[in-house]
Amino acid sequence: MSETQKLDFSAVNGTTLASFNQHKNLIKRMLKGNSAECSECKKPLTLQLPPNSNKAKSSDKAPGIYCAKGCTDIELDIEAVALMK
Ligand SMILES: [Zn+2]
């Protein structure tokens, strides 16, 4: 009975890793100043960077990559981004 559970679990992990790498490549491209568009609505994506200082105004949006319509909503892992720079 535990065999099926193991199979399901690894399948979930594989999907998560694949989409994580996809998001990472997208963030890298946008950090370099390249533009990208939403795969759903084809609108340009916005990169919301985390505030760098205490004086920075807190944004109503969490760091991440968004499109205008909201079909792309990728949360940014601040530590991961720091490693990319
Ligand atoms: Zn979109």
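**Exercise 1. List the helices and strands of the protein chain, then give their pattern along the sequence.**

Step 1. The protein chain holds 2 helices and 3 strands. Both are DSSP runs, numbered from the N terminus: helices are H or I with at least four residues, strands are E with at least two.

Step 2. Read along the sequence, the pattern is α-β-β-β-α.

Two notes on the model. Residues are numbered from 1 along each chain as its sequence is written. The model is predicted: local features need pLDDT of at least 70, side-chain atom pairs count only at pLDDT 80 or more, and totals for chains, interfaces and linings use all residues.

**Exercise 2. Work out how the 3 strands are arranged, and which stand at the edges.**

Step 1. The 3 strands form an open sheet in the order 1-2-3, with antiparallel pairing. Two strands pair if DSSP finds at least two bridges between them.

Step 2. Strand 1 (45-48) and strand 3 (73-75) stand at the edges. Each has a single partner strand, so one side of each lacks a neighbour in the sheet.

Step 3. Look at strand 2 (residues 64-67): 3 bridges pair it with strand 3 in the antiparallel sense. Take Tyr66: its bridge partner in strand 3 is Asp73.

**Exercise 3. Is Gln48 buried, exposed or partly exposed?**

Step 1. Find Gln48 in strand 1.

Step 2. Recall the cut-offs: with C-beta atoms placed from the backbone, a residue is buried if 20 or more other C-beta atoms lie within 10 Å of its own, exposed if 12 or fewer, and partly exposed in between.

Step 3. Gln48 has 16 C-beta neighbours inside 10 Å, so Gln48 counts as partly exposed.

Step 4. Turn to the chain: of its 85 residues, 4% count as buried.
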